[in-house]
Amino acid sequence: MARHVIAPVDELPPGTRKFLDIDGRPIAIFNIKGEFFGLLNRCPHQGAALCEGPLIGLAQSSDPGEIEYTKLGEIIRCPWHGWEFDIRTGQSYCDPKRFRARAYPVNVEPGSAVVKGPYVAETIAVSVESDYVVVDL
Ligand code: FES
């Protein structure tokens with residue numbers, strides 16, 4: 001595993017991201033509220049530059065009219081088709097069954113019970129050493 005020094009911490013203030021090519025892999029490093037995360041800049045859906053999308057939050061609903069907006073600035077929306085991924089884990093909240101034409105029995109469940117989709121973006125381990133952001137690949 002090779003170590004790659006990315007940048008001084010000061011160059012990546014909270015809410016910003018930095019794009020890199022490390023060993024031929026397009027990667028983006030994010031500073032989310034002082035924590036650093038790496039994400040492969042390739043959407044697992046159809047390969048768009050995922051990390052160039054907008055940072056948003058996660059809207060969830062447990063009852064009609066009740067909307068909780070959490071994870072502000074921690075979710076990235078793919079610029080091609082809008083799929084959303086948690087930057088901390090690469091996990092998508094997209095339900096792939098929505099895209100099928102085949103009909104299934106329908107149940108009503110609270111939004112908080114929605115199962116996460118199987119799509120996961122590749123995340124990269126990022127650490128901070130002596131005020132430098134470092135990636136292990
Ligand atoms: S390529 Fe990212 S949502 Fe389709």
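The model is predicted, and in it local features need pLDDT of at least 70, side-chain atom pairs count only at pLDDT 80 or more, and totals for chains, interfaces and linings use all residues. Residues are numbered from 1 along each chain as its sequence is written, and side-chain values use heavy atoms, with hydrogens and water left out.

Strands here are DSSP runs of E with at least two residues, numbered from the N terminus, and two strands pair if DSSP finds at least two bridges between them.

Select β2 and β3 next: they run antiparallel, joined by six bridges, and Phe 19 has Ala 28 in β3 as its bridge partner. The two strands form a hairpin with two residues between them, and Asp 23 in the turn has a positive phi of about 50°. Strand β3 (residues 25-32) is mostly covered, since six of its eight residues are buried, that is, under 20% relative accessible area with a 1.4 Å probe and protein chains only.

Moving on, β3 pairs with β4 (residues 35-40) in the antiparallel sense over six bridges, and Phe 30 stands opposite Phe 37 in β4. This pair is also a hairpin with two residues between the strands, where Lys 33 in the turn has a positive phi of about 55°.

**Glu 35**

Is Glu 35 buried, partly exposed or exposed? Its relative accessible area is 38%, and Glu 35 is therefore partly exposed, the class between under 20% (buried) and over 50% (exposed). Leaving aside residues up to four places away in sequence, Glu 35 touches Phe 30 and Arg 88, where contact means heavy atoms within 4.5 Å. The side chains of Glu 35 and Arg 88 are joined by a polar contact of 3.1 Å, meaning a pair of N or O atoms within 3.5 Å, of which one must be able to donate a hydrogen and the other to accept it.

**β8 and β9**

Finally, select β8 (residues 123-129) and β9 (residues 132-136), which run antiparallel and are joined by five bridges; Ser 127 has Val 134 in β9 as its bridge partner.

Definitions and conventions
Helix = DSSP H or I, 4+ residues; strand = E, 2+ residues; numbered from the N terminus.
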